Amino acid sequence: MPSGLVSAVRRPFVRHPIARAAVLAGLAFTQLPAAYAQAAAPAAGLQVDIPAGTLDQVLNRFAARAGFMITIDAALTAGKKSPGLAGRYGAADGLAAILAGSGLQAVGQDGGGWVLRVAPPQAPAVVPAAAAGLPALTATANQLGEVTEGSGNYTPGAIATATRLVLKPRETPQTVSVVTRQEMEDFGLTTIDEVMAHTPGISIVTYDTERTEYFARGFAIQNFQYDGIPMRRDSGYSAGNTLSDMAIYDRVEVLKGATGLLTGSGEPGATINLIRKKPTRDFQGQASVGVGSWNDLRGQVDVGGAVDEAGRVRARAVAAYQHKESQLDGHERRTAVLYGIVEADLTPSTLLTVGADFQNNDPKRSTWGGIPIYAADGSFNDRPRSFNNGADWSHWDQYTRTVFATVEHFFADDWVLKAQFNHQINGYDAELGSAGSGFPDPVDGSGISTWEGKYVGKTVADALDVYASGPFQLLDRRHELVLGGSLTKRRWTNRGYWAGSNEVPDYDAWDGRLPEPDWDNASWKGRNRETTRENGLYGAVRWNLRDDLKLISGARVLNYETSDIDESGVVVPYLGAVYDLDQRFSVYASGTTIFMPQSAQTEAGKTLDPQEGRNLEAGVKAEFFGGRLNASAAVFHLKQDNYAQETGGLTPSGGTAYRAIDGVTTKGYELELSGQVAPNWQLHAGYSHKVSRQDGLKVSTLTPENQFSLYSSWKPAAVPGLTLGGGARWQDKTWGVVSHPTLGTVRHEVDGYWVADAMVSYQFSPRLTGRLNVTNLFDKKYYTIFSVYSTYSWGQARAVALNLDYRF
């Protein structure tokens, strides 16, 4: 029986002003309706009072207050000061006043926004878009970071995943890998599995057709965030997280290492943050249709824009539907996605956002586990890639339902107060049967029995996060502060049925035919009902020690409670430093932590202390072409303490007794490059190396010690409208200890492999684009193993997909 259900020369510049003053979470929420900094300035101009500062600071504040975007090469403004700006100004005359005497010029863009460049002699400080003759290059930012949609880039601008402070990747003292909207569109990445395959340093282990597990730095990733709000995943009772459709997301960020400052509890490997698409002021629409291998049919519609004439209310709606069969006999899945979001400027300084998303994943003939690795004679049980161990009635439906609301109030002195609420339901309805247990006899096909079980349940999670963030002055230097609090409640309910197993007469003739059990008369029935509560206060300060040295210090104090665990006052610290070697290169170091409570007890009946994960990291980061190309190199050391090990004895109540030992230690390094390496050439590449050990022995061996990935696209100037792309990923060998028919347990090795992809797209008109994607271009035959079940699963064979996209 399976265990449980198991487990260019310009940089995007503008950011919103960052928060007002630190207030207690309860008081903060009651003060929330007041001003949104991106509201468009009225025709008569906007009254502003911006104090003196660096040219960067003054431009940043004015752009955020007036509601436009500006792109700047950092080298142009380096060392320049501004006396500030006071009075009533529109965008053009305000920029002219700020830039007077600077030798710089703001050039309007056809697509909206402005770009900064060196002004020719006696040239005006502001050039309208009609006279600019330059392509549009804009960036839109919010408290979650800069939107990647429309940027055309494979690298992000500012991000806020690590500390709630909106920082560029180079300013963040941890490794952050981001797959942008452009990369997703170029390579047809419609699922989170496909996005993770493109993310450097992430490996994927397949349990069965409906479950995958992601790993980073030797640890499973169970921490997910949605617009920065943490949610835990239970990989055994999988309920939609790893089936997420990408139609509604702007980008996916993966923060490597321990992330306890914002997530609280969890594993130290990484956190995945999915950032939803946002409405735009200008109307935009998109409709796409696609067809592919194995009768893959997909349609998607995405429409949004201002609801009222003034643009104070903006909305967006996305719908997607996909019906796809697979290389496995009889397996198919229908996926339906709906998403709606509305933004409203309650006042010129207060933004209200409300939205909801919905996804159904309805498969047929789901597998449960994979193919037994060994035959009865000890040989490899080599089955065709089309082999499906699932019964003809087997299915694992998964669904998500989310509603969310955010209120952001912006103050005049670059402070913001933000409250965010998220209500999410992750559910599943699984009736499962599979021919997955035993060792098949190569002669007569005997030796295999079935697993037959039913599991119905859901997790209902409510999360509230309130924080204030902004600058303050100390010792004649400007620093940044964030203070906040969060509350989370998760309620998991489950009904389980185990119907036992049946012998399969002839495994070689298996076609999925199996009588469905009478679940009401199952041999075992069980119920689960668990409630987990987490709350905590967190804070972080970005100390501006020198112009070239920043120190980020912070901590979270949290409480964690379940029916049998009560941990309170746990302190989770955060420390990081970034030193700028010059305008392009920085070195950094950080120490981050996370904790995970456990219910295991000693022989004396004492509950073990929580597992503690610590991540030490140091490296070099660089940005080129004004932030359009980012690079990083990091070395890391992760350690997990208080790992529960069986003692062989019993607790006073008769349960299995454990003792705490040092857990897994992982050492390694990572290299990553993402963005524009030359005009019309985008690239995302990475290499990672890690070794995980426990008590001196290598562990986490289902994931490779070495990985490499490279994906790139190029637009040849000689053929306007054409984009060529491709890439590959490689991992070295993996192994696991699995069951063997005659030797008991053995080490089974899986050879390393390459998988290559290719794409070509052509823009037939400004509105119509066609794209052809080929995955596993050379039809590499490879598999991964899952040692808990002693099974393996074939990787996907070559697949072709054709997509037509119309924008209106």
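I began with F585, which is partly exposed because its relative accessible area is 32% (buried means under 20% relative accessible area, exposed over 50%, partly exposed in between, with a 1.4 Å probe and protein chains only). I noted that this is a predicted model, in which local features need pLDDT of at least 70 and side-chain atom pairs count only at pLDDT 80 or more, while totals for chains, interfaces and linings use all residues. Residues are numbered from 1 along each chain as its sequence is written, and side-chain values use heavy atoms, with hydrogens and water left out.

I then looked up F624 and found it buried, since its relative accessible area is 18%. F585 and F624 form an aromatic pair, edge-to-face, with 5.6 Å from centre to centre and 80 degrees between the planes (rings of Phe, Tyr and Trp, the last by its six-membered ring, pair if their centres lie within 6.5 Å; planes under 30 degrees apart count as stacked, over 60 as edge-to-face and the rest as tilted). This pair links distant parts of the chain, with F585 in strand β34 and F624 in strand β35, 39 residues apart (helices, H or I of at least four residues, and strands, E of at least two, are DSSP runs numbered from the N terminus).

Next I followed the strands themselves. β34 pairs with β35 (residues 611-624) in the antiparallel sense over 12 bridges (two strands pair if DSSP finds at least two bridges between them), and I594 stands opposite G613 in β35. On the β33 side, 7 bridges join β33 (residues 566-580) to β34 (residues 585-596), again antiparallel; a hairpin of 4 residues connects β33 to β34, and L575 stands opposite G591 in β34.

I counted the aromatic pairs and the structure holds 27. In one of them, F380 and Y783 have ring centres 5.3 Å apart and planes at 25 degrees, so I recorded the pair as stacked. F380 lies in the loop between β25 (371-372) and β26 (395-410) and Y783 in strand β48 (residues 783-786), so that the pair links distant parts of the chain, 403 residues apart. F380 counts as partly exposed because its relative accessibility is 29%, whereas Y783, at 15%, counts as buried.

I also noted one aromatic cluster, which includes W368, W451 and F786.

Last, I checked R217, which lies over the face of F636 at 4.1 Å from the ring centre (a charge sits over a ring if NZ of Lys or CZ of Arg is within 6 Å of the ring centre and within 35 degrees of the ring normal).
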